[in-house]
Amino acid sequence: MKRAYLLIAGMTFMAMAITSCSKGEEPKEDAKIVIEEQQEVVHEEDIVKTPEVKQTPGTIFLSEEEQSMADANNLFALNLTREISKGVTGDMVISPLSAAYMLGMLNDAAAGTTRQELMRALGVEQYETGAVNDFFGNLMTNAPQLDPKVELSIANYLLANKAIGNDFSAQFAADMKGYYQAGLESMDFTQTNQVIDKVNEWCNQQTKGMIPQILKDGELHPTDIAVLLNSLYFKAQWRYPFDLLDPPLMYDFTTAKGETARVRAMAGNAPFEYFEDETVQAIRLPYADGKFSMILMLPTDATMSLDNLLKALTAERWKHIAAQVSTDMPDENIILQMPRFEISTEQDLKSPLMAMGVRAAFSSQEADFSKMMKNPSTPLSISLIKQNAKIEVDEKGTSAAAVTISTITSGMRSQEFIIDRPFLFVITEKDTNLIYFIGKVTGNEWVKNI
């Protein structure tokens, strides 16, 4: 009401001033100042649009456009998994959706080539930023309400560096609150330990202790301008719980290296949905009321590697397999044996994202995140982007969590010079450059004192 009054008052005052001018009188200097102030109020109200996300409890309604984005998100998930898998010989777990949320938030602040590359990596370059935000907002609002027996939470949190004297722009802040339900806060990044503790505390709380830490010492710098966080937490019990055997069932598992390992198995007999063709064997394990499920896939040919299976797993192929094991019309019970497992992964996302075409965002010369802060004094770029993920699977069900973090730097980061090897020292005087003392430190004597 107060703003509306100001606008009306400003318009009336402007009309009076214009009338005065029409009679040959110049407006007074203080009148000009008031007019300019009122124009600024109108401008601010015009540019900030508060997003609204429709709630549809018990279901997620996707428009044709949003369904296309969901398919594109699955392609992003498969591409990201393939890129990360190239450098991983052991177990791994990632949350492509958590990474996608991070790119969605970054995209909201991006422009030019930076935005094009982010949108292309997500496979949504043909859509406006607002439409992409709508899609992520729809998931955030409605996915956690799909099944009351499944605990699902998606959360976002953003920190601005108040030591630099800047804050998030009004529209970016409105988008983060409206679409991404993000908490926004300002902290002094020169108090590095306090910021790291705050970030890790949020991480630990959102993942129910599964991921107690995402940011380590040395990964945050006083000149970083912002920290963006996304968390994804999932916990559900099987619709058809496995038998709790005493003593537990043990069986042989052939590793990727061809070796044999003796592992603890889970065994169950239930109407699981199953699909097999010449390439893949797939089975669907539903949770709770069946809205969520785990689909297990292994190559039909035992000599085929998982990397080769991943290469053959296109978005259309995945869509076909998922449809085949989601008919809710199983023919008969299936006896299933599988290992219990627990996996934790810390994954740097810069290299895989760069391989997927996201390059400008990491360059201090090329990145354009001009929509993020109110008055960025220098170009902003991504200095760190990584994800920690964990999954636990046992006879009762599944717990899984992921946190994705990115730090935004202003390009003014101080160069690090770490003395961690033998060095010379010189004591000199500036005007003459005379050497008063000179010596060397090898560290050899220190070894005796360790």
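Okay, let's start with helix 8, where the buried residues are T192, V195, I196, V199, N200, W202 and C203. Those residues span an arc of only 155 degrees around the axis, so they end up on the same side of helix 8. Keep in mind that what we're looking at is a predicted model.

So what covers those buried residues of helix 8? The cover includes four strands: strand 1 (151–161), strand 2 (183–187), strand 3 (224–237) and strand 12 (397–409).

How far does helix 8 reach? This helix runs over residues 192–206, which is 15 residues, and from its first C-alpha to its last you get 21 Å. That's close to the 21 Å expected at 1.5 Å a residue. Then, just after helix 8, have a look at K208, with its positive phi of about 55 degrees.

Okay, on to a helix pair. Helix 3 (residues 64–85) packs with helix 10 (residues 315–324) at an angle of about 110 degrees, and their axes are 9 Å apart. Angles of 65 to 115 degrees count as roughly perpendicular, so that's what we call helix 3 relative to helix 10.

Which residues meet there? From helix 3 we have D71, N74, L75 and L78, and from helix 10 there's A315, W318 and K319. Sort the residues of that contact by type and you get four nonpolar, one polar and two charged.

That's it from me, thanks!

Key:
Residues are numbered from 1 along each chain as its sequence is written. This is a predicted model: local features need pLDDT of at least 70, side-chain atom pairs count only at pLDDT 80 or more; totals for chains, interfaces and linings use all residues. Side-chain values use heavy atoms; hydrogens and water are left out. Axes are lines fitted to C-alpha atoms, for helices over the stretch in contact, and angles run from 0 to 180 degrees between N-to-C directions. Helices (H or I, at least four residues) and strands (E, at least two) are DSSP runs, numbered from the N terminus. Angles under 35 degrees count as roughly parallel, over 145 as roughly antiparallel, 65 to 115 as roughly perpendicular and the rest as oblique. Contact means heavy atoms within 4.5 Å. Ala, Val, Leu, Ile, Met, Phe, Trp, Tyr, Cys and Pro count as nonpolar, Asp, Glu, Lys and Arg as charged, and the others, Gly among them, as polar. The expected span of a helix is 1.5 Å times one less than its number of residues. Buried means under 20% relative accessible area, exposed over 50%, partly exposed in between (1.4 Å probe, protein chains only). The arc is that of the directions from the helix axis to the C-beta atoms.
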